[in-house]
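Subject: A structure for you to look at

Hi there,

Here is the structure I promised to pass on. Please have it open while you read, and my notes follow just below it.

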Amino acid sequence: FTEEELDEMAAIPLPGAGSEEGRRRRSRGEGLTREQKFDFVFAEGALAVVRPDGRDGFGYGLVDAAVNGYAMERRQWEADAPPPVTEVVVAVEHYNRMVRILEKGVPVEMELEIRAEFIAGEPVDFNVIAEIPGSDLAHEIVIIGAHLQSEPVGTGAIDNASGVVAVMEAARVLKAIAAEPRRTVRVGLWGGHEMGVVGNRSHVADNFADVETREYKNDYDNLSAYFNLDIGTGRIIGVSIMGSEELRGIFSDWMKPLRNLGFTHLFTDGMEHEAYEEVGLPGFYFDHDRRLIDDMNSHTNMDVYDRLIEDGLIQASVVLATFAYHAAMRDEKLPRPHPRPW
């Protein structure tokens, strides 16, 4: 991001306005869903859906995970999911060549050989939880976390081994400096993430609030904040304050010694973590300076170890350890920008 882009992201939005990211998120429900389109073409006799690599019309040799498309909407991991369909991703130059031939009225014939195996043995994924116990406020909780489960197209280095190692390093830093947090610092490495944030949502449902039953759990009022690292190998450059000017004041103080590391911006209109936002709890995503390129490479065969940036991972660990420590030490829990949802 340029400084101008970062400043625009951090600006207070005008009434009725909002960031381009926010507008994109709000517009995703418009028009036909991918599932409706696929249901139509298969009802017309299609044998497979073929789509080009890349995103937003830009491809450069990626093989993308089909779970981003039809499988995500059909929730293929569920035992009672509808029958799966055949979906194939091809290199964009091959796809466009077929399109050009078809536009000239020349028939195109494809020969596909697809071998798929569905393993129905162990239907459970797992979270890995560890804690640094607190002292006088040990019953209150600060969580730092990242997701373990990834797409198998690459090796999941960007999405999200990068977040996992940074979270583990942040916890190691706190132990290495003999930090004695007042609140318990919980480390969560989540399973089932690409299936719909299942690992994190199950942790929220078990410990804080259940969206399905609308039941509040014992620790709902004890959570101070959740800080999440996902898809980011570059340095952390900002975090959302969820429209709360109270959070702006708190985070501004925490950021002061981190500005020389590139952590410079607070965003008024940024993403909140889905599992916590749904139940009115503060869950923070950090923004990284390589977010756009990392987003493009995640869920693809380019998501490999060589894409990781060591300097960025080190800085992210420092930022996360700092925020976890401050959240665990302040007299009050962090303010909640949203009221209880029910």
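E4 sits in helix α1, which covers residues 3-10; helices here are DSSP runs of H or I with at least four residues, strands are runs of E with at least two, and both are numbered from the N terminus. With 59% relative accessibility, E4 is classed as exposed, since exposed means over 50% relative accessible area, buried under 20%, and partly exposed in between (1.4 Å probe, protein chains only). E4 also belongs to a negative surface patch, together with E3, E5, D7 and E8.

Before going on, two notes on the source. This is a predicted model, in which local features need pLDDT of at least 70 and side-chain atom pairs count only at pLDDT 80 or more, while totals for chains, interfaces and linings use all residues. Residues are numbered from 1 along each chain as its sequence is written, and side-chain values use heavy atoms, with hydrogens and water left out.

**Surface patches**

A patch takes residues with over 30% relative accessible area and no salt bridge, joining like charges within 9 Å and nonpolar side chains (Val, Leu, Ile, Met, Phe, Trp, Tyr) within 5 Å. Asp and Glu count as negative, Lys and Arg as positive, and His and the chain ends are not counted; a charge is placed at NZ of Lys, CZ of Arg, CG of Asp or CD of Glu. Areas are from the Shrake-Rupley method with a 1.4 Å probe, and for residues only the protein chains shown count as cover. V108 lies in the loop between α5 (92-103) and β3 (128-132) and is partly exposed, at 31% relative accessible area.

**Salt bridges**

How many salt bridges does the count come to? The answer is 14, taking a salt bridge as a side-chain nitrogen of Lys or Arg within 4 Å of a carboxyl oxygen of Asp or Glu.

- R172 and E169 pair up at 2.8 Å, N to O. Both are in helix α6 (residues 157-176), 3 residues apart, or about one turn of the helix. R172 is partly exposed at 46%, and E169 is partly exposed at 28%.
- R201 bridges to E278, with the closest N and O atoms 2.5 Å apart. This pair ties together distant parts of the chain, 77 residues apart: R201 is in helix α7 (residues 198-207) and E278 in the loop between α9 (274-277) and β11. R201 has a relative accessible area of 29%, so it is partly exposed, and E278 is partly exposed at 32%.
- D311 and R235 form a salt bridge whose closest N and O atoms are 2.6 Å apart. Here too distant parts of the chain are linked, with D311 in helix α11 and R235 in the loop between β8 and β9 (236-240), 76 residues apart. D311 is partly exposed at 40%, as is R235 at 24%.

There is also a network of salt bridges linking D136, R182 and D331.

S298, in the loop between α10 (291-297) and α11 (310-329), is buried at 3% relative accessible area. Its side chain reaches the backbone oxygen of D295 at 3.0 Å. The C-alpha atoms of S298 and T155 are 9.7 Å apart, although 143 residues separate them along the chain.

S224 belongs to strand β8 (residues 223-228) and is buried, with a relative accessible area of 0%. A polar atom of the S224 side chain lies 3.1 Å from the backbone nitrogen of L334.

D287, in strand β11 (residues 283-288), counts as buried at 11%. Its side chain and that of R291 make a polar contact of 2.5 Å.

**Backbone geometry**

Which residues does a cis peptide bond join? They are D159 and N160, with omega at about 15°, and N160 is in helix α6.

V197 is not a glycine, yet has a positive phi of about 55°. V197 sits in the loop between β5 (183-190) and α7 and is buried at 7%. I231, also other than glycine, has a positive phi near 50°. I231 is in the loop between β8 and β9 and is buried at 15%.

Best wishes

Terms used. A polar contact is a pair of N or O atoms within 3.5 Å; within protein, one must be able to donate a hydrogen and the other to accept it, and residues adjacent in sequence count only if both atoms are side-chain atoms.
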